[in-house]
Each structure stands twice: as structure tokens, then as C-alpha cells.
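Here's a protein to look around in. Take a moment with the picture before reading on.

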Amino acid sequence: MSESISITDNRTGESIEIPIHRNGVDSAEWSKLLPGIWFDDASFGNTSGAHSAVTELDGSAGFLRYRGYPIEQLGKECSFLEVAYLLLNGELPTREQLASWEDEIREESTIHENFHKRILEGFRDDAHAMGVLVSTVAALSTFFPESKDVEDPSVRRKQIVRLIAKMPTLAASAYRRSVGTPYVLPDPDLDYTDNFLSMMFRPGDSEYEVDPVLRRALDLLFVLHADHSQNCSTTAGRVVGSSLADPYLTVSAACSALSGPLHGGANESVIRMLEEIGSYDQIDSFINAVKAGERRLMGFGHRVYKNYDPRARIVKDTAHEVFDVVGKNPLLDMALKLEEVALADDYFVSRKLYPNVDFYSGLTYQAMGFPVEMFTVLFAIGRTPGWLAHWDEMLSQDSRIARPRQIYIGSPERDVQPIDKR
Ligand code: CMC
């Protein structure tokens, strides 16, 4: 059997055979036969935009692998920085490589004092943490003008380290400013996740002991969020990066895409939804509103997974470990009941709608003491190595500027009328 497709243009009778290569067909071949006829695929649901060796996921089988390693094994065996190294370099680090990678990150974790004295102070007191993060990541571009030489791999590598290192510092500073407590600077004696927790929660100059279970849970959540192939924010970053914009502006664009409630913002929306439902006896009417198309069940459904999201399973178990330490999130029972009702209902079953990573992550973050507005920021810290791995991979390939076509649905040519005659 030939590994190819044949397409016939019935207007002319001309045919073309296009090889199927790695589950793809080359659109350049298609355009030889059909110039000016475009694939109509506005949400890229059936379009491959990349040749990538970073992450493989299969939505029907329900697996997720970074560089070939199953997410379950990485979650059990590896720290977030090991996984970041893997995503960026293709291999897990040796002990020596990990130590020097951690040192590199540690050395770049500070931010210029203008962030604390001027930039962060410029926001409204009630500024949402994601808006602050998007803006401060973009502001890094103005501190590192040399980052614009994105075609030099060594320049790219330097900015990758800076971005992974500075994200927690920017995030914790945004939180501190919003609650009006003094900024806590990075502590070189702490590892990545301890340091972030310390910058978030250390009360002034007093000692702050991080609970090892909470620290491990947050590190694991970062691992689970570290990459997810060509998702909306990675694609946004790739589109911006394809114009050779610098990595700070590129990652800021990715953060912007992540902020939406259909993507990373869903973890915040799940909590707001559970609070709004309020009590068990409201669950049925909420589900009916979802089925009538009036609401969305946040934290459910996925473009690619048509099975239980493998990350959601791990998050659910992690949530219970966290609750054992800090006490159960009062919204947990509501979430469990909602899941039970949805998974027994034909609306959700027939559409293959299962809990995704965001359904239980917010409950876990909340129990750990993070305010709801920080949830998507936590997602962004975790996803940064993934965004950068895809950006670096794209620029090391023979990439072109992203520039889709459109199906024009507007008016044909017409004449401009003088203003008094319109
Ligand atoms: N609640 C109710 N109905 C839904 C939901 C939902 N959460 N998700 C999908 N559907 C329905 C949808 O209305 C459609 O029904 P019909 O065929 O009758 O028109 C059907 O299921 C297929 O959905 P779709 O709109 O084609 O799905 P999509 O691939 O375009 O959207 C999604 C994927 C994640 C945006 C969507 O499932 C959703 O809005 N979920 C809630 C938001 C959410 O939890 N997002 C986090 C995603 S995971 C973390 C991440 O990586 O971002």
C-alpha cells in the first residue's frame, strides 16, 4: 500500500500524489496543484505547525512524554530543573551537569532594582498578577538589548537561563507588591522551588521553613506544566518568535496567551466556578446550564485529550498529599461531586470531556496558600522551559516567519463615497 494521498481537482481533472511522511502531508505540494486554495482551519485543529522533538502526546491513548520519557516517571524521579534541562538539551543531566545548571540559574535569579523601585510600583494596587507578569517579562527586553541577536545560539542560551531564573523572582515580587509586604530577594542557598516559596511567603526577616511535602508538590506541579507541545501559548510564542522578536517579548506573548480562561487561566476559573456553585444542591442546575450551552464546565475538556488527561490524575493524587499537610480545601468535595456527576452524564461522555490539568491544580495551589490570581502565574513559571525549548528548536531549524492565509468573506471592490454621500 502506498504511503501517499492523491488529490484531484475536479475543475480541471488534474491530479497530484503527495507522500505521507511522519503523519504529515506537505502543504507546498498541495499548493502546486491548487494555488490560492487554502486549508480552512482557523484554530489549527488539523494543521501541523512544527517539526518538534520536544514533547509527544497522544490524546486518545492519554499519554504525555517529554523527550520520550513518560510524565509519570519524570514526576516521580526528577526535579523541575532536571526536567527543564531535559526539555532544552534533549537528555537528562548527569549529577555534575545538574549542579552546574542549578548554579547558572541561581546566578541569574536577581532582577534589576528598578523593577522593585519603579516598574512594579507603577501598577494599580488591584492589578491582576498575570497582567503584571506579562508586562514585567516584556520589560526585561529593555534591560538586555543584546538578546535581540536571536540567531546566535549562545545568545539564545544566555536568555533562556535568565528567563527561567527570573520568572519566580518577578512572580513573587508581583505578589508581594499586591499585598503590600516588603520584597524578599532570591536566597542563593536555596534551590529553585524553595527559593520561590521563600520569596513568596517569608515573613520579613524572620526564618521561613518550607514544608517538604508542599515544596515537592509545587515542584511536581511545575514538572507537569513544563511543556505540552503546540498548545495555544507555545504557538503564540512561536508566531512572535518567528519574526525574530527577542525572547522576552516572545515569552511575554506566550504568557498573554496563557492568561485566557480557555488555556492557563482555567485554573483560576475553576475556583471561581466552584465558589459560584456554592453548594451540592446547585450542582444539577449548573450542569444543566452547561448542557444548555449557557456555561462551560471549567477544568474539563481538551483539544487533544479525548481521555483522562494524564496530568490531571497526578495532580489529583498530589492534591490529597497537600491536603494531608494543610487540611482539606473546602471546595474539594464540590469538585469531586461535580466530576462524578459529569462523568456519568451522556453530554460529557459522548463528547469525551474529562477533567484536565486545571481541574485540581487550583484547589492544590489554594490549599498551599497561593491567592487565586497567582494560579496562572504558577503555570507560567512551569511552562517557561517548554516555551523556550520550542523557541530555540524553531530558530535552530530552517524556520520562516509565521504568516497564515485567510478565506476572505468581505465586500468585493467598491468605490469610496465622499463623506456627505455615505
Ligand atoms: N464544558 C462544556 N462543554 C464543553 C467543554 C466544557 N468545558 N469543552 C468542550 N465542550 C463541548 C463543546 O461545546 C462542543 O460541544 P458541541 O459539539 O455540542 O458543539 C464539544 O464539547 C467539543 O468542544 P470544542 O469546543 O470543539 O473543544 P475545543 O477543542 O475547541 O476546546 C477547550 C478545548 C479546552 C478550550 C474546551 O474544552 C474548554 O473550553 N474547556 C474549559 C476550559 C479549560 O478547562 N481549559 C484548560 C485546558 S487544559 C490546560 C491547558 O493546557 O490550557
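## Ground rules

This is a predicted model, where local features need pLDDT of at least 70 and side-chain atom pairs count only at pLDDT 80 or more, while totals for chains, interfaces and linings use all residues. Residues are numbered from 1 along each chain as its sequence is written, and side-chain values use heavy atoms, with hydrogens and water left out.

## Around the ligand

Let's start with the ligand. It is surrounded by 20 residues, and the closest are H263, R296, L297, G299 and R303.

Which atoms of R296, G299 and R303 come up to the ligand's oxygens? For R296, an N or O atom in the side chain is 2.4 Å from an oxygen atom of the ligand. R303 also uses its side chain, with a polar atom 2.7 Å from a ligand oxygen. G299 uses a backbone N or O atom instead, which lies 2.8 Å from an oxygen atom of the ligand. A polar contact here is a pair of N or O atoms within 3.5 Å; within protein, one must be able to donate a hydrogen and the other to accept it, and residues adjacent in sequence count only if both atoms are side-chain atoms.

How much of the ligand does the protein cover? On its own the ligand has 940 Å² of accessible area, and the protein covers 73% of that. Accessible areas come from the Shrake-Rupley method with a 1.4 Å probe, and for residues only the protein chains shown count as cover.

## Salt bridges

A salt bridge is a side-chain nitrogen of Lys or Arg within 4 Å of a carboxyl oxygen of Asp or Glu. By this rule, the count comes to 25 salt bridges. Here are three of them:

| Pair | Closest N to O distance |
|---|---|
| E108 and K158 | 3.0 Å |
| R202 and D187 | 3.9 Å |

To place these residues, you need two sets of words. Helices (H or I, at least four residues) and strands (E, at least two) are DSSP runs, numbered from the N terminus. Buried means under 20% relative accessible area, exposed over 50%, and partly exposed in between (1.4 Å probe, protein chains only).

Take the salt bridge between E108 and K158. E108 sits in the loop between α4 (95–107) and α5 (113–119) and K158 in helix α7 (residues 153–179), so the pair ties together parts that are 50 residues apart in sequence. E108 counts as buried at 15% relative accessibility, and K158 as partly exposed at 38%.

Next comes the salt bridge between R202 and D187. This pair links distant parts of the chain, with R202 in the loop between α8 (192–201) and α9 (212–225) and D187 in the loop between α7 and α8, 15 residues apart. R202 is buried at 16% relative accessible area, whereas D187 is partly exposed at 21%.

E339 is in helix α15 (residues 332–343) and K316 in helix α14 (residues 310–326), so the two tie together parts 23 residues apart in sequence. E339 is buried at 6% relative accessibility, and K316 is partly exposed at 21%. Salt bridges that share partners also join E108, E146, K158, R162 and K166 into one network.

## A few single residues

Which residues other than glycine have a positive phi? S229 has a phi near 50°, and K352 has one of about 55°. S229 lies in the loop between α9 and α10 (232–241) and is buried at 18% relative accessibility. K352 is in the loop between α16 (346–350) and α17 (357–367), and counts as partly exposed at 43% relative accessibility.

Finally, I287 belongs to helix α13 (residues 283–291). Is I287 buried or exposed? Its relative accessible area is 2%, so I287 is buried. The C-alpha atoms of I287 and V341 are separated by 8.3 Å, although the two residues are 54 apart along the chain.

Conventions. A residue is near a molecule or strand if one of its heavy atoms lies within 4 Å of it.
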